[in-house]
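Open the model in a viewer and keep the selection tool ready.

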Amino acid sequence: MESVVRFILEIDRLKGVTRKTRPLGLDRQENSAEHSWQIALLAASLAPYADSPVDIDRVIRMLLLHDIGEIETGDTIVYAEEGWEERKAAELAAVTRIFGLLPEAQAAEFLGLWHEFEAAQTPEARFAHAADRAMPVLLNLANNGQSWRENGISHARVVRRIGPPIQAGCPRLWAYLEAQLETARQQGLFGA
């Protein structure tokens, strides 16, 4: 019990990791814990649209765990195009330490889910990636391109960074977003 409590209190620090996108109607940036919660619900809501059947419980567990390394590394905007290899190595070290607070079998299970998400080879991991990549887009579309404009992110860069993983994990979601992004481009909601 003590190890689970230590783990839960350690991951509370994820609430202090800020991201670049603002929650709707709020004058602050979202935090990584809010992001993880929201994409887990997005995935659960999108489950009927998955290209092939997925174990949605496994998807949700991946999404709740995938950003825990940000406790030590901070968040990097999804549209960044460089430095990912170093960042992922630092995240692996962080999640290994943090999951290591748990009993050994549970730590191994959580680390396995983290690796599965990162590899994006299973249908569940690809679907989880689609939800993870879609949420910042949905918030930007609803916020008139807030973080795109503030960070100089172009339409082409958004499509390049999020299109392939969303297409691979949930083609129907990508078809929807692709049209929305084109409308946003025509409205001038991008930063470059």
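A pocket here is an open set of points on a 1 Å grid over the protein atoms alone, with protein on both sides within 12 Å along at least five of seven lines; lining residues have an atom within 4 Å of a point. This is a predicted model, in which local features need pLDDT of at least 70 and side-chain atom pairs count only at pLDDT 80 or more, while totals for chains, interfaces and linings use all residues. Residues are numbered from 1 along each chain as its sequence is written, and side-chain values use heavy atoms, with hydrogens and water left out.

Select I8, I11, D12, L14, K15, A33, S36, L64 and I68: these line the second largest pocket. Its volume is about 150 Å³ (the space filled by probe spheres set on the grid points, which are joined across faces, edges and corners). Colour α1 (2-11) and α2 (32-46), each of which supplies at least two lining residues (helices are DSSP runs of H or I, at least four residues, numbered from the N terminus). This lining divides into 6 nonpolar, 1 polar and 2 charged residues (Asp, Glu, Lys and Arg count as charged; Ala, Val, Leu, Ile, Met, Phe, Trp, Tyr, Cys and Pro as nonpolar; the others, Gly among them, as polar).

Next, select V78, W84, K88, D132 and R133, which lie nearest the centre of the largest pocket among its 26 lining residues. The elements giving two or more residues to that lining are α5 (84-99), α6 (104-119), α7 (123-142) and α9 (155-169). The largest pocket has a volume of about 430 Å³, and its lining comprises 7 nonpolar, 6 polar and 13 charged residues.

Finally, select residues 28-146, where an unreviewed UniProt entry places the feature "domain: HD/PDEase"; such annotations may be inferred rather than shown by experiment. The end C-alpha atoms of this span lie 12 Å apart, and the span is 69% helix and 0% strand (strands are DSSP runs of E, at least two residues).

Conventions
1 Å grid on protein atoms, 1.4 Å probe; cavity = no way out; pocket = protein on both sides within 12 Å on 5 of 7 lines; lining within 4 Å.
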